[in-house]
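Trainee: Let us go through this model by question and answer. Where do we start?

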Amino acid sequence: MTRKVSIFGATGSIGQNTIDLIARDPGAYDVVALTGAANIDQLAADAIRLHADIAITADDTRLEDLRTALQGSGVEAAAGQTALTEAGCRPADWVMSAIVGAAGLAPGLCALEQGATLALANKESLVCAGQLILSTAKKHNARLLPVDSEHSAVFQALVGEDMDAVERIIITASGGAFRDWPLEKLATATLAEASSHPNWDMGQRITIDSASMFNKALELIETREYFGVHPDQIEVLVHPESMIHAMVGFTDGALMAHVGPADMRHAIGYALHWPDRRALPVERLDLAQIGALTFRPPDEKRWPALRLSRDVMERGGLSGAVFNAAKETALDGFIAGRIGFQTMAQVVDQVLNDTDPGHIDAPMTLDNVYAADQMARQAARSVIEQRAG
Ligand code: NDP
Ligand code: MG
(Lines give C-alpha, C1' and ligand atoms only; values in the text may rest on other atoms or scores of the structure.)
(Ligands and ions follow the chains in the order given, each with its own letter.)
Protein backbone atom coordinates (compact mmCIF):
# COMPACT_ATOMS: atom_id res chain seq x y z
CA MET A 1 0.00 0.00 0.00
CA THR A 2 1.38 3.44 -0.87
CA ARG A 3 1.76 6.01 1.90
CA LYS A 4 0.73 9.60 1.38
CA VAL A 5 3.66 11.86 2.30
CA SER A 6 4.31 15.61 2.37
CA ILE A 7 7.64 17.37 2.82
CA PHE A 8 7.73 20.87 4.31
CA GLY A 9 11.05 22.53 3.58
CA ALA A 10 11.64 20.13 0.67
CA THR A 11 14.31 22.31 -0.94
CA GLY A 12 16.52 22.44 2.18
CA SER A 13 19.17 20.10 3.46
CA ILE A 14 16.79 17.83 5.44
CA GLY A 15 14.16 18.06 2.71
CA GLN A 16 16.61 16.95 0.02
CA ASN A 17 17.81 14.04 2.16
CA THR A 18 14.19 13.01 2.69
CA ILE A 19 13.55 13.16 -1.04
CA ASP A 20 16.66 11.07 -1.63
CA LEU A 21 15.17 8.27 0.49
CA ILE A 22 11.68 8.54 -0.96
CA ALA A 23 12.91 8.64 -4.56
CA ARG A 24 14.72 5.32 -4.04
CA ASP A 25 11.38 3.59 -3.53
CA PRO A 26 8.92 5.55 -5.69
CA GLY A 27 6.18 2.90 -5.71
CA ALA A 28 5.88 3.07 -1.93
CA TYR A 29 4.91 6.74 -1.69
CA ASP A 30 2.24 9.04 -3.00
CA VAL A 31 3.60 12.59 -2.64
CA VAL A 32 0.96 15.14 -1.64
CA ALA A 33 2.73 18.48 -1.01
CA LEU A 34 6.27 19.79 -1.32
CA THR A 35 7.09 23.23 0.08
CA GLY A 36 10.03 25.59 -0.37
CA ALA A 37 10.75 29.30 -0.38
CA ALA A 38 13.40 30.91 -2.63
CA ASN A 39 14.59 27.86 -4.53
CA ILE A 40 11.80 27.64 -7.11
CA ASP A 41 13.74 25.55 -9.66
CA GLN A 42 14.53 22.81 -7.15
CA LEU A 43 10.98 22.82 -5.80
CA ALA A 44 9.46 22.49 -9.25
CA ALA A 45 11.93 19.85 -10.44
CA ASP A 46 11.28 17.64 -7.40
CA ALA A 47 7.52 18.15 -7.54
CA ILE A 48 7.50 17.05 -11.19
CA ARG A 49 9.88 14.13 -10.61
CA LEU A 50 7.90 12.85 -7.60
CA HIS A 51 4.48 13.55 -9.19
CA ALA A 52 3.43 15.70 -6.22
CA ASP A 53 -0.16 16.99 -6.08
CA ILE A 54 0.97 20.51 -5.17
CA ALA A 55 4.15 22.60 -4.82
CA ILE A 56 4.06 25.64 -2.55
CA THR A 57 6.54 28.45 -2.10
CA ALA A 58 6.43 30.51 1.09
CA ASP A 59 7.32 33.58 -0.98
CA ASP A 60 4.08 34.98 -2.41
CA THR A 61 5.98 37.14 -4.92
CA ARG A 62 7.22 33.97 -6.68
CA LEU A 63 3.88 32.36 -7.62
CA GLU A 64 4.20 33.17 -11.32
CA ASP A 65 7.77 31.79 -11.41
CA LEU A 66 6.56 28.57 -9.81
CA ARG A 67 3.60 28.32 -12.19
CA THR A 68 5.93 28.76 -15.15
CA ALA A 69 8.35 26.13 -13.86
CA LEU A 70 5.48 23.65 -13.36
CA GLN A 71 3.72 24.39 -16.64
CA GLY A 72 2.23 21.34 -18.32
CA SER A 73 3.26 19.00 -15.48
CA GLY A 74 -0.14 18.71 -13.83
CA VAL A 75 1.36 19.78 -10.47
CA GLU A 76 -0.66 22.52 -8.78
CA ALA A 77 1.19 25.70 -7.68
CA ALA A 78 0.53 27.89 -4.64
CA ALA A 79 2.36 30.61 -2.70
CA GLY A 80 2.34 32.44 0.62
CA GLN A 81 2.04 31.64 4.31
CA THR A 82 -1.65 30.74 4.19
CA ALA A 83 -1.09 28.31 1.34
CA LEU A 84 1.81 26.82 3.27
CA THR A 85 -0.33 26.19 6.32
CA GLU A 86 -3.10 24.79 4.14
CA ALA A 87 -0.55 22.33 2.76
CA GLY A 88 -0.21 21.05 6.31
CA CYS A 89 -3.93 20.42 6.32
CA ARG A 90 -3.95 18.23 3.21
CA PRO A 91 -4.46 14.65 4.34
CA ALA A 92 -1.21 12.70 4.50
CA ASP A 93 0.01 9.69 6.48
CA TRP A 94 3.52 11.00 7.09
CA VAL A 95 4.80 14.58 7.01
CA MET A 96 8.38 15.80 7.23
CA SER A 97 8.58 19.12 9.09
CA ALA A 98 11.85 20.63 7.81
CA ILE A 99 11.17 24.32 7.35
CA VAL A 100 13.85 26.33 9.14
CA GLY A 101 12.77 28.55 12.04
CA ALA A 102 9.49 29.40 13.76
CA ALA A 103 7.83 29.48 10.31
CA GLY A 104 7.62 25.68 10.59
CA LEU A 105 5.26 25.78 13.56
CA ALA A 106 1.85 26.45 11.97
CA PRO A 107 2.12 23.96 9.06
CA GLY A 108 3.29 21.27 11.52
CA LEU A 109 0.37 21.93 13.86
CA CYS A 110 -2.01 21.62 10.93
CA ALA A 111 -0.53 18.27 9.95
CA LEU A 112 -0.98 17.03 13.53
CA GLU A 113 -4.59 18.21 13.51
CA GLN A 114 -5.14 15.92 10.52
CA GLY A 115 -3.78 13.02 12.57
CA ALA A 116 -0.65 12.66 10.39
CA THR A 117 2.59 11.26 11.74
CA LEU A 118 4.87 14.30 11.99
CA ALA A 119 8.58 13.66 11.56
CA LEU A 120 9.99 16.70 13.32
CA ALA A 121 13.29 18.15 12.15
CA ASN A 122 12.02 21.68 12.86
CA LYS A 123 13.21 21.82 16.48
CA GLU A 124 12.03 25.43 16.72
CA SER A 125 8.42 24.13 16.93
CA LEU A 126 9.17 22.36 20.18
CA VAL A 127 11.27 25.22 21.53
CA CYS A 128 8.59 27.85 20.83
CA ALA A 129 5.49 25.86 21.60
CA GLY A 130 6.36 22.44 23.03
CA GLN A 131 3.21 22.00 25.09
CA LEU A 132 1.00 23.15 22.21
CA ILE A 133 2.63 20.67 19.81
CA LEU A 134 2.40 17.80 22.28
CA SER A 135 -1.19 18.50 23.30
CA THR A 136 -2.26 18.87 19.64
CA ALA A 137 -0.65 15.52 18.81
CA LYS A 138 -2.39 13.90 21.77
CA LYS A 139 -5.78 15.42 21.00
CA HIS A 140 -5.72 14.20 17.39
CA ASN A 141 -4.04 10.89 18.12
CA ALA A 142 -1.15 11.91 15.89
CA ARG A 143 2.37 10.59 16.32
CA LEU A 144 5.36 12.91 16.68
CA LEU A 145 8.72 11.37 15.74
CA PRO A 146 12.08 13.05 16.34
CA VAL A 147 14.41 13.65 13.39
CA ASP A 148 17.10 15.75 15.03
CA SER A 149 19.96 13.22 15.23
CA GLU A 150 20.41 13.46 19.01
CA HIS A 151 16.71 13.06 19.70
CA SER A 152 16.36 10.21 17.25
CA ALA A 153 19.30 8.57 19.04
CA VAL A 154 17.64 8.98 22.46
CA PHE A 155 14.34 7.74 21.04
CA GLN A 156 16.06 4.64 19.70
CA ALA A 157 17.94 4.02 22.98
CA LEU A 158 14.60 4.15 24.81
CA VAL A 159 12.86 1.44 22.78
CA GLY A 160 11.46 -1.07 25.27
CA GLU A 161 12.62 0.98 28.27
CA ASP A 162 10.63 2.48 31.12
CA MET A 163 11.02 6.27 31.52
CA ASP A 164 11.07 5.77 35.32
CA ALA A 165 14.41 3.99 34.90
CA VAL A 166 15.95 6.95 33.03
CA GLU A 167 18.37 8.91 35.17
CA ARG A 168 19.86 11.25 32.57
CA ILE A 169 20.05 12.03 28.88
CA ILE A 170 23.37 13.10 27.37
CA ILE A 171 23.31 14.84 24.01
CA THR A 172 26.59 15.29 22.23
CA ALA A 173 27.90 18.35 20.38
CA SER A 174 30.71 18.42 17.85
CA GLY A 175 31.66 21.89 19.07
CA GLY A 176 31.19 23.34 15.59
CA ALA A 177 33.59 25.48 13.63
CA PHE A 178 35.22 27.27 16.59
CA ARG A 179 35.65 24.40 19.04
CA ASP A 180 39.42 24.80 19.16
CA TRP A 181 39.76 28.51 18.47
CA PRO A 182 41.40 30.68 21.17
CA LEU A 183 38.57 32.46 23.01
CA GLU A 184 39.90 35.92 22.23
CA LYS A 185 39.77 35.19 18.49
CA LEU A 186 36.01 34.46 18.49
CA ALA A 187 35.10 38.16 18.24
CA THR A 188 36.73 38.25 14.80
CA ALA A 189 34.93 35.15 13.43
CA THR A 190 33.61 35.80 9.92
CA LEU A 191 30.42 34.54 8.30
CA ALA A 192 32.37 32.22 6.00
CA GLU A 193 34.27 30.73 8.96
CA ALA A 194 31.07 30.20 10.98
CA SER A 195 29.32 28.61 7.99
CA SER A 196 31.60 25.60 7.71
CA HIS A 197 30.96 22.58 9.92
CA PRO A 198 33.71 20.04 10.71
CA ASN A 199 31.45 16.94 10.43
CA TRP A 200 27.92 17.64 9.20
CA ASP A 201 26.69 19.03 5.88
CA MET A 202 23.64 21.14 6.84
CA GLY A 203 21.79 24.36 6.01
CA GLN A 204 23.70 27.59 6.66
CA ARG A 205 21.61 28.74 9.65
CA ILE A 206 21.97 25.53 11.67
CA THR A 207 25.68 25.39 10.78
CA ILE A 208 26.25 28.83 12.32
CA ASP A 209 24.05 27.83 15.26
CA SER A 210 26.37 24.85 15.76
CA ALA A 211 29.41 27.12 15.97
CA SER A 212 27.68 29.32 18.58
CA MET A 213 26.03 26.28 20.28
CA PHE A 214 22.65 27.95 19.88
CA ASN A 215 21.77 24.74 18.06
CA LYS A 216 22.63 22.71 21.16
CA ALA A 217 20.81 25.25 23.33
CA LEU A 218 17.66 24.67 21.25
CA GLU A 219 18.24 20.93 21.51
CA LEU A 220 18.39 21.04 25.32
CA ILE A 221 14.91 22.56 25.32
CA GLU A 222 13.79 20.12 22.60
CA THR A 223 14.97 17.22 24.82
CA ARG A 224 13.09 18.54 27.80
CA GLU A 225 9.89 19.00 25.83
CA TYR A 226 9.98 15.80 23.81
CA PHE A 227 11.04 13.38 26.54
CA GLY A 228 9.45 15.19 29.49
CA VAL A 229 12.58 15.01 31.69
CA HIS A 230 13.73 17.61 34.22
CA PRO A 231 16.38 20.05 32.89
CA ASP A 232 18.85 18.77 35.52
CA GLN A 233 18.67 15.35 33.89
CA ILE A 234 19.98 16.65 30.55
CA GLU A 235 23.69 17.01 29.90
CA VAL A 236 25.73 18.25 26.95
CA LEU A 237 29.01 16.56 26.12
CA VAL A 238 31.44 17.82 23.50
CA HIS A 239 32.36 14.92 21.24
CA PRO A 240 34.40 16.15 18.27
CA GLU A 241 34.02 12.97 16.18
CA SER A 242 30.17 13.24 16.04
CA MET A 243 29.70 9.48 16.07
CA ILE A 244 27.87 9.03 19.34
CA HIS A 245 24.79 11.21 18.93
CA ALA A 246 23.31 10.74 22.38
CA MET A 247 23.37 8.47 25.41
CA VAL A 248 20.70 7.51 27.90
CA GLY A 249 21.82 6.82 31.47
CA PHE A 250 19.66 4.42 33.48
CA THR A 251 19.20 4.04 37.23
CA ASP A 252 21.22 0.79 37.18
CA GLY A 253 24.27 2.67 35.91
CA ALA A 254 24.03 1.52 32.28
CA LEU A 255 24.65 4.04 29.52
CA MET A 256 23.06 3.21 26.18
CA ALA A 257 24.88 5.06 23.41
CA HIS A 258 23.70 5.47 19.84
CA VAL A 259 26.64 5.33 17.42
CA GLY A 260 26.26 6.15 13.75
CA PRO A 261 27.67 8.12 10.82
CA ALA A 262 27.07 11.87 10.55
CA ASP A 263 24.40 11.40 7.88
CA MET A 264 20.89 12.72 8.51
CA ARG A 265 19.43 10.03 6.26
CA HIS A 266 19.78 7.66 9.21
CA ALA A 267 17.49 9.68 11.51
CA ILE A 268 15.14 10.61 8.64
CA GLY A 269 14.95 6.96 7.54
CA TYR A 270 14.30 5.78 11.08
CA ALA A 271 11.35 8.18 11.33
CA LEU A 272 10.16 7.22 7.83
CA HIS A 273 10.08 3.48 8.51
CA TRP A 274 9.28 3.53 12.24
CA PRO A 275 8.34 1.27 13.99
CA ASP A 276 10.32 -0.92 11.58
CA ARG A 277 14.05 -0.64 11.06
CA ARG A 278 14.95 -0.89 7.37
CA ALA A 279 18.18 -0.87 5.37
CA LEU A 280 19.45 2.66 4.67
CA PRO A 281 22.10 3.95 2.26
CA VAL A 282 24.45 5.31 4.92
CA GLU A 283 28.12 4.60 5.60
CA ARG A 284 28.95 1.65 7.91
CA LEU A 285 31.39 2.83 10.58
CA ASP A 286 34.71 1.04 10.91
CA LEU A 287 35.50 1.63 14.59
CA ALA A 288 38.82 -0.20 14.42
CA GLN A 289 39.88 2.27 11.77
CA ILE A 290 38.53 5.23 13.76
CA GLY A 291 40.42 4.02 16.84
CA ALA A 292 39.28 6.48 19.49
CA LEU A 293 36.28 8.57 20.41
CA THR A 294 36.89 11.57 22.63
CA PHE A 295 34.77 13.67 24.99
CA ARG A 296 35.09 16.89 26.94
CA PRO A 297 32.78 19.09 28.99
CA PRO A 298 31.30 22.17 27.28
CA ASP A 299 32.85 25.52 28.18
CA GLU A 300 30.07 28.01 28.96
CA LYS A 301 32.44 30.96 28.46
CA ARG A 302 32.94 29.89 24.88
CA TRP A 303 29.27 28.97 24.42
CA PRO A 304 27.04 31.24 26.58
CA ALA A 305 24.00 29.99 24.61
CA LEU A 306 24.02 26.88 26.82
CA ARG A 307 23.51 28.92 29.99
CA LEU A 308 20.76 30.97 28.32
CA SER A 309 18.98 27.75 27.40
CA ARG A 310 19.07 26.61 31.05
CA ASP A 311 17.54 29.99 32.06
CA VAL A 312 14.77 29.47 29.50
CA MET A 313 13.98 25.98 30.77
CA GLU A 314 13.76 27.31 34.31
CA ARG A 315 11.52 30.21 33.27
CA GLY A 316 9.17 28.06 31.15
CA GLY A 317 5.99 29.48 29.58
CA LEU A 318 6.62 31.34 26.34
CA SER A 319 10.26 32.11 27.12
CA GLY A 320 11.26 29.50 24.49
CA ALA A 321 9.41 31.50 21.81
CA VAL A 322 11.18 34.68 22.94
CA PHE A 323 14.54 32.93 23.03
CA ASN A 324 14.14 31.43 19.55
CA ALA A 325 12.89 34.66 17.93
CA ALA A 326 15.71 36.70 19.50
CA LYS A 327 18.18 34.06 18.35
CA GLU A 328 16.80 34.04 14.77
CA THR A 329 17.00 37.84 14.62
CA ALA A 330 20.51 37.93 16.08
CA LEU A 331 21.54 35.32 13.51
CA ASP A 332 20.06 37.49 10.72
CA GLY A 333 22.12 40.36 12.16
CA PHE A 334 25.31 38.29 12.08
CA ILE A 335 24.63 37.03 8.54
CA ALA A 336 23.99 40.61 7.40
CA GLY A 337 27.29 41.73 8.96
CA ARG A 338 25.54 44.02 11.48
CA ILE A 339 26.90 42.34 14.62
CA GLY A 340 29.83 40.13 15.51
CA PHE A 341 29.69 36.43 16.27
CA GLN A 342 29.77 36.82 20.05
CA THR A 343 27.25 39.64 20.07
CA MET A 344 24.52 37.18 19.08
CA ALA A 345 24.36 35.70 22.60
CA GLN A 346 24.48 39.18 24.16
CA VAL A 347 21.47 40.23 22.07
CA VAL A 348 19.48 37.16 23.11
CA ASP A 349 20.46 37.63 26.77
CA GLN A 350 19.33 41.25 26.75
CA VAL A 351 16.00 40.47 25.05
CA LEU A 352 15.27 37.70 27.58
CA ASN A 353 16.11 40.03 30.48
CA ASP A 354 14.03 42.91 29.15
CA THR A 355 10.93 40.90 28.20
CA ASP A 356 7.75 41.83 29.99
CA PRO A 357 6.67 38.80 32.10
CA GLY A 358 3.17 39.23 30.62
CA HIS A 359 4.45 37.88 27.31
CA ILE A 360 6.03 34.86 28.93
CA ASP A 361 3.21 33.92 31.27
CA ALA A 362 0.44 34.19 28.65
CA PRO A 363 -1.35 30.88 27.86
CA MET A 364 0.38 28.89 25.12
CA THR A 365 -1.93 29.51 22.15
CA LEU A 366 -0.64 29.94 18.59
CA ASP A 367 -1.62 33.65 18.72
CA ASN A 368 0.29 34.23 21.95
CA VAL A 369 3.33 32.36 20.62
CA TYR A 370 3.30 34.64 17.55
CA ALA A 371 2.84 37.74 19.74
CA ALA A 372 5.84 36.77 21.89
CA ASP A 373 7.81 35.94 18.74
CA GLN A 374 7.04 39.31 17.10
CA MET A 375 7.78 41.26 20.28
CA ALA A 376 11.13 39.48 20.70
CA ARG A 377 12.11 40.08 17.05
CA GLN A 378 11.35 43.78 17.44
CA ALA A 379 13.28 43.96 20.72
CA ALA A 380 16.24 42.10 19.20
CA ARG A 381 16.29 44.45 16.19
CA SER A 382 16.46 47.45 18.58
CA VAL A 383 19.32 45.89 20.54
CA ILE A 384 21.14 45.15 17.28
CA GLU A 385 20.64 48.76 16.13
CA GLN A 386 22.07 50.06 19.42
CA ARG A 387 25.07 47.76 19.24
CA ALA A 388 25.69 48.18 15.51
CA GLY A 389 25.25 51.95 15.65
P1 NDP B 1 17.80 24.69 5.11
O2 NDP B 1 18.11 26.12 5.30
O3 NDP B 1 18.71 23.84 4.31
O4 NDP B 1 16.33 24.54 4.48
C5 NDP B 1 15.25 25.24 5.01
C6 NDP B 1 13.98 24.97 4.24
O7 NDP B 1 12.95 25.87 4.70
C8 NDP B 1 14.10 25.22 2.74
O9 NDP B 1 13.20 24.38 2.08
C10 NDP B 1 13.68 26.69 2.61
O11 NDP B 1 13.25 27.01 1.30
C12 NDP B 1 12.53 26.72 3.60
N13 NDP B 1 12.26 28.03 4.16
C14 NDP B 1 13.15 29.00 4.48
N15 NDP B 1 12.52 30.06 5.02
C16 NDP B 1 11.20 29.75 5.04
C17 NDP B 1 10.02 30.44 5.48
N18 NDP B 1 10.07 31.66 6.01
N19 NDP B 1 8.82 29.82 5.36
C20 NDP B 1 8.75 28.59 4.82
N21 NDP B 1 9.82 27.89 4.37
C22 NDP B 1 11.03 28.47 4.50
O23 NDP B 1 17.59 24.08 6.58
P24 NDP B 1 17.91 22.61 7.11
O25 NDP B 1 17.34 21.58 6.18
O26 NDP B 1 19.33 22.54 7.51
O27 NDP B 1 17.06 22.61 8.46
C28 NDP B 1 15.66 22.49 8.46
C29 NDP B 1 15.20 22.26 9.89
O30 NDP B 1 15.73 21.02 10.34
C31 NDP B 1 15.68 23.32 10.88
O32 NDP B 1 14.71 23.49 11.87
C33 NDP B 1 16.93 22.68 11.49
O34 NDP B 1 17.19 23.15 12.79
C35 NDP B 1 16.51 21.22 11.51
N36 NDP B 1 17.63 20.27 11.50
C37 NDP B 1 18.49 20.24 10.44
C38 NDP B 1 19.54 19.35 10.40
C39 NDP B 1 20.45 19.25 9.21
O40 NDP B 1 21.27 18.34 9.17
N41 NDP B 1 20.37 20.11 8.24
C42 NDP B 1 19.79 18.45 11.54
C43 NDP B 1 18.80 18.52 12.58
C44 NDP B 1 17.76 19.41 12.55
P45 NDP B 1 14.29 27.56 0.16
O46 NDP B 1 15.59 26.79 0.33
O47 NDP B 1 13.58 27.20 -1.12
O48 NDP B 1 14.46 29.00 0.35
MG1 MG C 1 20.96 17.89 16.19
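Mentor: We start with burial: a residue is buried if 20 or more other C-beta atoms lie within 10 Å of its own, exposed if 12 or fewer, and partly exposed in between, with C-beta atoms placed from the backbone. Helices (H or I, at least four residues) and strands (E, at least two) are DSSP runs, numbered from the N terminus. This is a predicted model, where local features need pLDDT of at least 70, side-chain atom pairs count only at pLDDT 80 or more, and totals for chains, interfaces and linings use all residues. Residues are numbered from 1 along each chain as its sequence is written, while chains are lettered from A and ligands numbered from 1 in the order in which they are written.

Trainee: Which residues of helix 3 are buried?

Mentor: Helix 3 covers residues 63-70. On its other side, E64 and T68 are exposed. The buried residues are L66, A69 and L70.

Trainee: Why do they count as lying on the same side of helix 3?

Mentor: Take the directions from the helix axis to the C-beta atoms; the arc is theirs. L66, A69 and L70 are the buried ones. They are on the same side of helix 3 because their arc is only 90 degrees.

Trainee: What do the buried residues of helix 3 pack against?

Mentor: Two residues are in contact if their C-beta atoms, placed from the backbone, lie within 7 Å. Just after the helix, G72 takes a positive phi of about 80 degrees. The packing partners of the buried residues are helix 2, strand 3 and strand 4 (76-79).

Trainee: Which helices do the buried residues of helix 13 pack against?

Mentor: Helix 13 runs over residues 305-315, and its buried residues are A305, L308, S309, V312 and M313. They sit on the same side of helix 13, since their arc around the axis is only 140 degrees. Just after helix 13, G316 has a positive phi of about 70 degrees. The partners are helix 9 (204-212), helix 10 (214-227), helix 14 (319-335) and helix 15 (343-354).

Trainee: What separates the centres of domain 1 and domain 2?

Mentor: Domain bounds come from an automatic or database domain assignment. Domain 1 is 3-146, and domain 2 is 160-261 + 297-388. Taken over C-alpha atoms, the separation of their centres is 25 Å.

Trainee: Which helix gives the most to the side of domain 1 that touches domain 2?

Mentor: The contact takes 18 residues from domain 1 and 19 residues from domain 2. On the domain 1 side, helix 5 (105-113) and helix 6 each supply at least two residues. With 10 residues, the one that gives the most is helix 6.

Trainee: Where does ligand 1 lie relative to domain 1 and domain 2?

Mentor: A residue is near a molecule if its C-beta atom, placed from the backbone, lies within 6 Å of it. Of the 28 residues around ligand 1, G12, A37, N39, M202 and G203 come nearest. Both domains give residues to the shell, so ligand 1 lies between domain 1 and domain 2.

Trainee: Which helix gives the most to the shell around ligand 1?

Mentor: Helix 1 (13-23), helix 6 (123-139) and helix 9 each supply at least two residues. With three residues, the top contributor is helix 1.

Trainee: Is N141 buried or exposed?

Mentor: N141 is in the loop between helix 6 and strand 7 (144-146). Its phi is positive, about 55 degrees, although N141 is not a glycine. N141 has 8 C-beta neighbours inside 10 Å, so it counts as exposed.

Trainee: What is the omega of the peptide bond from W274 to P275?

Mentor: P275 is in the loop between helix 11 (264-273) and helix 12 (287-290). The bond from W274 to P275 is cis, with omega near 5 degrees.
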